[in-house]
Structure formats: C-alpha cells, structure tokens
Amino acid sequence: MTSYRQPGTVLTDLSFTVPLDHARPGGEQIQVFAREVVAAGKTAADLPWLVYLQGGPGFGSPRPAGRESWLNRALNDYRVLLLDQRGTGRSCPVNRRTLARLGRPQEQADYLARFRADAIVADAELIRKRLTGGRPWSILGQSFGGFCAVSYLSHAPEGLREAAITGGLPGLDVSADDVYRATYPLVAQKNAEHYARYPGDVQQAKDIARRLAADDVRRPDGARLTVEAFQSLGRMLGYSTGSHTLHYLLEDPFAGGGLSDDFLYQVQEWLTFSAGPMYALLHEACYAQRGATGWAAQRIRAEFGEFDAAAALDGDAPLLFTGEMIYPWMLENDPVLAPLAEAGEILAQRDSWPPLYDEARLRACDVPAAAAIYFDDMYVPRDFSVPTARAIRGLRPWITNEYDHDGLRVSEGKVLDRLIAMVRGNA
C-alpha cells in the first residue's frame, strides 16, 4: 500500500487479486486497483465505506486533487473507495496491446465478455469482505455505475448498507434496440435546442460536413474524419455545458482553405477511444441480457431519417449530430480500436449474455436507496428509469430538470447531499 496527502485528504492505493471468471474462482486471476480517500484528520476514525462506481463502461475512477466536486460532501461522512472497475484505469486495463497477448479475436471476445456489470459486482463483493471484515458498505453509482448498482441490488444486496444512483437507472427488461428507439428522439431534441440557441451553427455544421464529404480529411492520429464521425460529436450535447462546447468548436474551424489543425486536434480529443477502448467494445453489451445486440445503434438509426447526413446536405434540414451511440465503423476507423474490430464484431453477434438484473429480488429489496433521474437525460431515458424506480422496493426517486446527466459532477455536492438525505429518510 502507498499513502500520500493532497489538500484536505489522505489517499491510499490498494490492489486486490480476483478471479477473471467468478464461476471459476481457482482459474486465471487478475488485479483490480482501488484508491481509498479519507478526510485529513479522520484517518483513524471508524467511518463507513462509500464505494464509487464510475460511468462508462470502460473508464477508470476519478483521479482527484483534494476535496473537489461531490467528493467534498462524501468525505464528511464516509471513507471513500474509488474503484477502477476491471479493465479500466490500473485494473488489468483492456486495450489493443493487452488483448494482443490473447491471440485470436474469438479469445479476445471471450475475455471481454467477462467485463460487464455482473463481474464488477462480484469483484466489489470480494473487496468488501477484505476491507470491512464482512460489514455492508454504501455505493454511489453514476451513469453506467448506476447500472452496476442495480446489478448489485439484484445479486448481492446483503453486501449493501445503502445505495445512491445518479443518472443511471436502467430499464430492467429492455433491449439495446429499445434503448436506441428511445434515445434517438432525445438526441434530435437536443439538436433542436442547440440550433435554437446558436442558429449560426446550422450553416457552420453543413459547411464542415460538405468539406469532409468532398475531401479525405484525417485526424492527427491518422483516422479519417468522415461526416458520420463528425456527427458523433453530438455525444457532448447531453452534458450541462455541452451545447456551448460544441458551439465554440464550430465557430472557427477553417484555416488556409481547409480545416484548421486546432479544430482537428480538438475533434480528435472528443472522438478517440484511447482513454477507454472498452467503452466502444462493450457499450451495447451493457444492455444485453439474452440475445445479440447486432449493432443496434446502426440498425435503429435507419428508422430515423432525420439523421441521414446526405439528405441534410442536399436539402434544407439541419445536419443532426448523433449521441451516445457506437457504430461498427468506429472500430474499423480508430487506430486504437482497429486491431480489436473482429473481437468487437464477435461481441455484437454474441447471443449468450446472462441476465444483469433480478426483478423479483429488487421488488423484495430492503436496502435503503435513492436515485436522481434527470428529466431531460439524453443517455438514460427517464421512460425506462421511472418504471425501474418503482420496481425497486427500497428506492426513493428524485426526478429533476435542474441538472443534466453530469449533475453529480457539476452540482458541487448538492446532488449527493440530496440523495444522502433521501436514503436516510430526511428528504
């Protein structure tokens, strides 16, 4: 263990050995990393644990600098564990280099299939028993971390003292097709709001798209910047400041008769999967509970003609940006994903996914829980979250339009404070 200090906090790096496949506890083992954060002056206190489950899938836990964001509120009451979920951060990271050792795409896909929410929960349970001596702990799940929290409530509620979820109540029995049929209209609405706020961006977006359609434009890393890739910048529209960020990106994209280096570098930062390859590889799989997802986002997109870039460029309609959708061409086009494209295809066609949630156990759950459901959430539709909130016996929902999907991060602890009060029955 390594401990060090930051302003107002003491941090300790921890590592745990867990089975790759929890159904075979004596088989291959992997390392899972977590970081303990405790308020300075409380290191010896008998504080309850709060485990943070990050959004994604595929991204490591936050790397804090002192008592920032929601962590400031959490440290008043808890000893916080920032868990790098398996495959992320320092927890046996998944990328083109680490997966190369497995050889063929089929072996890579079989390995990746063990990195979903059910395995993350099983990891957490092993870690809990080692850290707490068997006492239950609290969890905070953001976005995909909320999906993990619902899986935790389904499969190991005995390990939980309480649960807080923000922007992450999944539909219990919805397919990836259902998710995209619900989210494409939400993304279209976000586009409409953006263009109403910044009407000049309608022409700017079309001008950029026409240049991309006419020329072979490359990102600095060599990936081709196509019109479809440009449209995928709309993922940022679900964040509290995303519309403004997109506007500033669009306002000055050209230099010397072409797209500027600054524009291309900024676009690359948004579009590369270098920080989280698993986000692309397992994104649709985080919805799969029985059959294959079969590139649901690509298939369902055909049902929404307003996202057809060619039609927009030939007509008067605005070019619509897409949202949190993963398309097969992303794996083929991105240098960090291209070596894994065949494994991604195998995962998309995999039809043997086990269930992630147990509705019967959720209806009998007695773990105190609360969830923030963001009314205009572009990523996790409230039309799925509200029925799930009703299905979990111990859960109290808070439906709000005060925040977007990143409310936990931007609210300076207000969202977490509200959820803690709800869990304790004080709100």
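In the predicted model, E125 and R128 are both buried. The two residues belong to helix α4, where they sit 3 residues apart, about one turn of the helix. Residues three or four places apart in an α-helix point the same way, because such a helix has 3.6 residues a turn. The side chains of E125 and R128 form a salt bridge, with an N to O distance of 2.7 Å. Helix α4 (residues 117-132) also contributes to a pocket: with 3 residues, it gives the most to the lining of the second largest pocket.

A search of the whole structure finds 27 salt bridges. One of them joins R90 and D13, at 3.4 Å from N to O. R90 is in the loop between β5 (79-83) and α2 (96-100), while D13 is in strand β2 (residues 9-19), so this pair ties together parts that are 77 residues apart in sequence. R90 is partly exposed, with a relative accessible area of 48%, whereas D13 is buried, at 14%.

A further salt bridge links D177 with R299, whose closest N and O atoms are 2.7 Å apart. Since D177 lies in helix α6 and R299 in helix α12, the pair ties together parts that are 122 residues apart in sequence. D177 has a relative accessible area of 18% and is therefore buried, the limit being under 20%. R299, at 37% relative accessibility, counts as partly exposed. Salt bridges with shared partners also join R73, D77, D417 and R424 into one network.

Helix α6 (residues 176-197) consists of 22 residues. From first C-alpha to last, α6 reaches 31 Å, close to the 32 Å expected at 1.5 Å a residue. The buried residues of α6 include D177, Y180, Y184, V187 and H194. The buried residues of this helix pack against α7 (201-214), α9 (242-250), α12 (296-301) and α17 (382-391).

The largest pocket has a volume of about 900 Å³. It is lined by 31 residues, and Q54, G55, F59, Y239 and R409 are the closest to its centre. Helices α1 (69-74), α10 (261-271) and α18 (407-410) each supply at least two residues of this lining, and the largest share, 3 residues, comes from α1. By class, the lining of the largest pocket comprises 14 nonpolar, 10 polar and 7 charged residues.

The second largest pocket holds about 290 Å³ of space. Of the 16 residues lining the second largest pocket, D21, A113, R114, D118 and A119 lie nearest its centre. This lining has 8 nonpolar, 2 polar and 6 charged residues.

Key: Residues numbered from 1 in each chain as written. Predicted model: local features only at pLDDT ≥ 70, side-chain atom pairs only at ≥ 80, totals over all residues. Heavy atoms only, no water. Helix = DSSP H or I, 4+ residues; strand = E, 2+ residues; numbered from the N terminus. Expected span 1.5 Å × (residues − 1). Buried < 20%, exposed > 50% of the residue type's maximum accessible area, 1.4 Å probe, protein only. Contact = heavy atoms within 4.5 Å. 1 Å grid on protein atoms, 1.4 Å probe; cavity = no way out; pocket = protein on both sides within 12 Å on 5 of 7 lines; lining within 4 Å. Points joined across faces, edges and corners; volume = space filled by probe spheres on them. Nonpolar A, V, L, I, M, F, W, Y, C, P; charged D, E, K, R; others polar. Salt bridge = Lys/Arg side-chain N within 4 Å of Asp/Glu carboxyl O.
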